[in-house]
Amino acid sequence: MLRHDQSRNSLMMLRVQSSEGTRRVECDPQDTTMDLFQKVHDAFGLGGFCFALFRERGCKDEISSSRSKTLKSLGLNHGDLIYLAPINGAVLWPNDASMNSHSNTPDTSEKSEPSTSSSQTIATRWKSSSSSSTGSTSNGSQEDEVDLQLWKMDGQIKRDRDDKFCRHGANACCLHCSPLEPFDEAYLKEQKIKHMSFHSYLRKLTAGVDRGKFVALEDISCRIKLGCKDHPPWPRGICSKCQPNAVTLNRQIYRHVDNVMFENPQIVERFLDYWRVTGHQRIGFLYGTYEIHADVPLGIRATVSAIYEPPQESSRDSVSLLLPDDKEEVVDDVARQLGMCRIGWIFTDLIADVQKGTVQHVRNIESHFLSAQECIMAGHFQNQHPNPCRFSPGGYFGSKFATVCVTGDSTNQVHMEGYQVSNQCMALVRDGCLVPTKDASELGSIRESSDKQYVPDVYYKEKDNYGNEVPRLARPLPVEYLLVDVPASTPLVPQYKFHVDSSISQFPVENRMVQGHLQDFGTLSSYMRQFTEDQFLLAMSDFHVLLYIATMDMLPLREHMAPLLEAVRTGNSALASEWRHSEQWGTVEQLIAATEVSSASGSHSLDHHGASGSGLGGGAKWTCPHCTFINAPHLSSCEMCNLPR
């Protein structure tokens, strides 16, 4: 027993520091350096031995792997700190993937023996991620196409020669005509640009001497770090190492999206038809693309081509989504094949003034622009759609997902307001710290710590009576500190990704449980009768028609729609005509023709027997051959699936 205690006391603890943190390794002084490499390998969970150990920072005084040298002979003592570094830019952790992809040296992470390379090899520099042309982030995700295009632009603001101040020739430039940086504050203020673009913000971070070598965009965390062994888990213990830092809210100086543009006014008008008919509020998801916005230096514009309305329950004063949406995956897949993605959400807050024929102005500086509940919902959606960023250790930073509110303006007319919530708000929503208040919609509040959750202190700053900025505890919290304005509008010259014709009755929008707005096979039949065979592509150039065809209960065509979606995306009439002659659509056309015949015969039968009333109640009930529903004898089409008898 005494011998065991003596051997245990002879063990020593070494600390190993790496780019992923510090680990402790328990060793015996008589262990060889090869044993040390093996223990470090196991402590960090590495896939190979493509690393080296050093006694000093900067890859100095290397510890070589040997079967004869012991730790005691090297002079290593209990508590010493050693340093771990990869060899030749090898990938030791997944987060190193983006850096290693730009190295010209081969990856040797599959080696099974500890390496004994020199410190000169270890000191090889990695290229800066800002020079990457592939657009891959640290976790391997791909940046959006618009981001890759903006990285190829210098972003400088060109200025013409000033005839008053410039005294040089046409091929020279001076202080008065040299190009400005995209983050120039004087220029942004002159152009009345409230927030600089996100790429301008990145250029500002990388404009120094180091060219952004040490830039790391990390989201704040309001959660306790797990795995701390110095004390029992919360709520029985907490320490400064695992406790999240206090948060001070700051107004965000940049925005990820600089403009939301609807291709044409008909997109919004079609969305507002539901409110005009019922007086109830409505929510929809915006589908479109991200493009370069020329009005803002290195800006991004979200162009909306269609609005999808998910299942929801609404009233005059409220609206709530019915989750989960069974068709969400299908909608995203159809949109992706059409070259679109989900870029935002839109909701109405309209109260009609019947006497004046206008709407009330309820959102202003005296009340609120977005309520706390709407900010939480916007933060939830932005967390679901993160923005890939090459400067973030986690691969994502912020979000391009936009929020659009349709409400009344100061002239009591319907208009749109665009917003995003800040990255700090996204973190508070993600970690469950932000909640709405009960009696004031313009105020949010930060949860108090409980046995189940530790919540750090959150502060915001405001000016006191003497003009000094003083911190205030965010209980309650004005949501203006969380908002970023995003202009929303329609272009002067309308654009049309999908066909719009006022002389044609539009196909109903999905999930509208209102008479005259229901989607069924009879509605599809009536819609298709408005087009000739040569106009098949025009008939299919409707996002809601494509969604209905893809999700029809009796004959879903999702698996066969790829050629049709490609034809709609590219405007290829020949490809659309070829798909029209396919077997799947041929079946649909036969059902449409049968529906037309049965509808005509049914109306003729009703006209013939309508005067005496005979024939309406006689006869036996019949069973639908398509869905087996038992129908009344006078019906010529199924009451359930609307297919012919």
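Which residues line the second largest cavity? They are His499, Val500, Asp501, Ile504, Ser505, Gln506, Phe507, Tyr527, Phe531, Leu538, Ser541 and Asp542. Keep in mind that this is a predicted model, where local features need pLDDT of at least 70, side-chain atom pairs count only at pLDDT 80 or more, and totals for chains, interfaces and linings use all residues. Residues are numbered from 1 along each chain as its sequence is written, and side-chain values use heavy atoms, with hydrogens and water left out.

**The chain as a whole**
- The protein chain has 17 helices and 29 strands; these are DSSP runs numbered from the N terminus, with helices being H or I of at least four residues and strands E of at least two.
- Of the chain's 645 residues, 45% are buried (buried means under 20% relative accessible area, exposed over 50%, partly exposed in between, with a 1.4 Å probe and protein chains only).
- Take the contacts (heavy atoms within 4.5 Å) between residues at least 6 apart in sequence: 65% of them join residues at least 24 apart.
- Carbon and sulfur atoms hold 50% of the accessible surface, which comes to about 34,400 Å² (Shrake-Rupley method, 1.4 Å probe; for residues, only the protein chains shown count as cover).

**Nonpolar cores**
- In soluble globular proteins, nonpolar side chains tend to be buried together.
- The largest nonpolar core here has 80 residues, and Met540 and Phe543 touch the most other members (such a core is a set of buried Ala, Val, Leu, Ile, Met, Phe, Trp, Tyr and Cys residues joined through side-chain atoms within 4.5 Å).
- Helix H14 (residues 543-550) provides the largest share of this core, with 7 residues.
- Another core, of 27 residues, lies apart from it and includes Leu150, Phe271, Leu350 and Met416.
- Leaving aside neighbours within four places in sequence, Met540 is in contact with Met528, Val545, Leu546, Ile549, Leu564, Val568 and Trp585.

**Cavities**
- The whole structure holds 4 cavities of 30 Å³ or more. On a 1 Å grid over the protein atoms alone, a cavity is a set of points where a 1.4 Å probe fits but cannot get out, while a pocket is an open set with protein on both sides within 12 Å along at least five of seven lines; lining residues have an atom within 4 Å of a point.
- The largest cavity has about 240 Å³ of space (grid points are joined across faces, edges and corners, and a volume is the space filled by probe spheres set on the points).
- Among the 20 residues lining the largest cavity, Ile267, Arg270, Ser305, Ala306 and His544 are the closest to its centre.
- Helix H8 (265-278) gives the most to that lining, with 4 residues.
- The second largest cavity, the one from the opening question, has a volume of about 100 Å³.
- Its lining divides into 6 nonpolar, 4 polar and 2 charged residues (Ala, Val, Leu, Ile, Met, Phe, Trp, Tyr, Cys and Pro count as nonpolar, Asp, Glu, Lys and Arg as charged, and the others, Gly among them, as polar).

**The second largest pocket**
- This pocket has a volume of about 590 Å³.
- It is lined by 25 residues, and the closest to its centre are Asp144, Tyr290, Met340, Cys341 and Arg342.
- By class, the lining has 10 nonpolar, 8 polar and 7 charged residues.

**A loop residue**
- Lys229 sits in the loop between helix H7 (198-205) and strand S7 (247-249).
- Lys229 is exposed, with a relative accessible area of 81%.
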